[in-house]
Amino acid sequence: MDGEKFRNLSGGVNQRGVRDHNERLILSILQHQGGMPGRDLALRTGLSAPTVSTILRELENEGVLIRGEPTRGKVGKPSIPMHLNPDGVLAVGLKIGRRSADLLLLDFTGAVREQVKIAYDYPLPETVFTFLSDGLRRLKQGLPEKARSRLCGIGIAVPFELWKWDDVMGAPTELVRSWKDVDFVAEVARFSDLAVFVVNDATAACRAEHMYGRGGEFRDFAYFYIGSFIGGGIVMNNSVVEGNQGNAGALGSMRTTGPMGESRQLIDVASLHLLEARLVQAGLDAQVLWQQPADWTGIARYVDPWIGETAQELAKAALSICSVVDFEAIVIDGAFPAAVREELVERVRRYLVNQDARGLIMPQIETGSIGGNARAIGAASTPIFSQFFLNMNSGLSAL
């Protein structure tokens, strides 16, 4: 993303009353483009040099920004770039999955400082919140006292309406549906006073790709994340769109047809639980799908047909999405080895050649870059983004 887009989309202003907007604008540019000196930030934001200088000084005093090494030009004073301080802001992210949960500590630049994991047959509230409580205590114990004060919140990535997926999870209905009445904020408040941000797990993965992956390469894109269930997200105006009820980009619910012409959802025909079922039917241990580091070479004969079927469905879905918004790119990622991701994307590209695309502009089909940790990283990035960066889709940035 170039600074010109930031200036055209948001437009910095000098009034003291909207300082929060200007701080977020500057921090967003530094997050997307890396360190730069104040004069460059002034050019990119349209703010006056004194205004930028004041904001940078305050953010540096707060420990949010740090100075880089001076660079000397041919004339004038050395240029000092300002960078996000990795230690300036920290956040915790929890991913609640069908077979496991991940908890990690993320710094201001998107680096994972520490991570813990738990496996289970199926997720239950008591199991997950006990894991979160114990894991949070462990993560905090490894931090100096000053660093603990830098924690800005807990992000929780969870499938939308988790309690409706008992048939796919293979769990007792009454146990899985115990999630329906869970108040995440109240549950976390029992053991932590950190702010809590709940986000759809695929939306979280999309945010991770947008902030720390390939998001800066595209003006806008639709995003598929394939885990036990396939999900998605969308990026427009250089921000992830969450929607009125936090369920924008619910691409897993897109309609498709089954082998007998029956109406199905994409989640029923392009998810990893289908590959898991094939392995179980063949008498193999499906846990190989969830082990880290991932190595699927031993089950290639089952993986290859799954890739083919999934790629066909994604090719159709990609065109359906682009018939509504002509996205520049469709980005595909998931909880699988990089080689599987590359092959899946290549197959989608090939299948698109034979699709009826009249009236449509073909999108680029691209690989994601975060992989299996995308949902947990995206969860942790949610409190950071909400409190420090600029959401181009909110009223805060409207002209």
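In the predicted model, the cover over the buried residues of helix H5 includes strands E3 (90-96), E4 (100-107), E5 (112-119) and E6 (151-158), together with helix H9 (184-189). The buried residues of H5 are Pro125, Val128, Phe129, Phe131, Leu132, Ser133, Gly135, Leu136 and Leu139. Helix H5 itself runs over residues 125-141. Its 17 residues reach 24 Å from first to last C-alpha, close to the 24 Å expected at 1.5 Å a residue.

Helix H10 spans residues 201-212. From first to last C-alpha, its 12 residues reach 16 Å, close to the expected 16 Å. H10 is mostly covered, with 12 of its 12 residues buried. Asn200 caps the N-terminal end of H10. A side-chain oxygen of Asn200 lies 3.0 Å from the backbone nitrogen of Ala202.

An open sheet holds 5 strands in the order E10-E9-E8-E13-E14. Its pairing is mixed. Strands E10 (239-240) and E14 (364-367) stand at the edges. Each has a single partner strand, so one side of each is left without a neighbour in the sheet. Within the sheet, strand E8 (residues 221-226) pairs with strand E13 (residues 329-334) in the parallel sense, over 6 bridges. Phe221 has Ala329 of E13 as its bridge partner.

The largest nonpolar core has 93 residues. Phe224, Leu272, Trp296 and Ile332 touch the most other members. Helix H12 (residues 300-322) gives the most to this core, with 12 residues. Apart from this core lies another, of 28 residues, including Ala101, Val158, Trp179 and Leu194. In soluble globular proteins, nonpolar side chains tend to be buried together.

Leaving out residues up to four places away in sequence, Ile332 touches Phe224, Leu314, Arg341, Leu344, Val345, Val348, Ile365, Glu366, Thr367 and Gly368.

The mean pLDDT of the protein is 89, and 90% of its residues reach 70 or more. Over residues 1-18, the pLDDT is below 50. That stretch has 48 contacts in the model beyond near neighbours in sequence. Residues 395-399 also stay under 50. For residues 395-399, the model has 13 contacts beyond four places in sequence.

Conventions. Residues are numbered from 1 along each chain as its sequence is written. This is a predicted model: local features need pLDDT of at least 70, side-chain atom pairs count only at pLDDT 80 or more; totals for chains, interfaces and linings use all residues. Side-chain values use heavy atoms; hydrogens and water are left out. A nonpolar core is a set of buried Ala, Val, Leu, Ile, Met, Phe, Trp, Tyr and Cys residues joined through side-chain atoms within 4.5 Å. Buried means under 20% relative accessible area, exposed over 50%, partly exposed in between (1.4 Å probe, protein chains only). Helices (H or I, at least four residues) and strands (E, at least two) are DSSP runs, numbered from the N terminus. Contact means heavy atoms within 4.5 Å. Two strands pair if DSSP finds at least two bridges between them. pLDDT is the predictor's confidence in each residue, from 0 to 100. The expected span of a helix is 1.5 Å times one less than its number of residues. A polar contact is a pair of N or O atoms within 3.5 Å; within protein, one must be able to donate a hydrogen and the other to accept it, and residues adjacent in sequence count only if both atoms are side-chain atoms.
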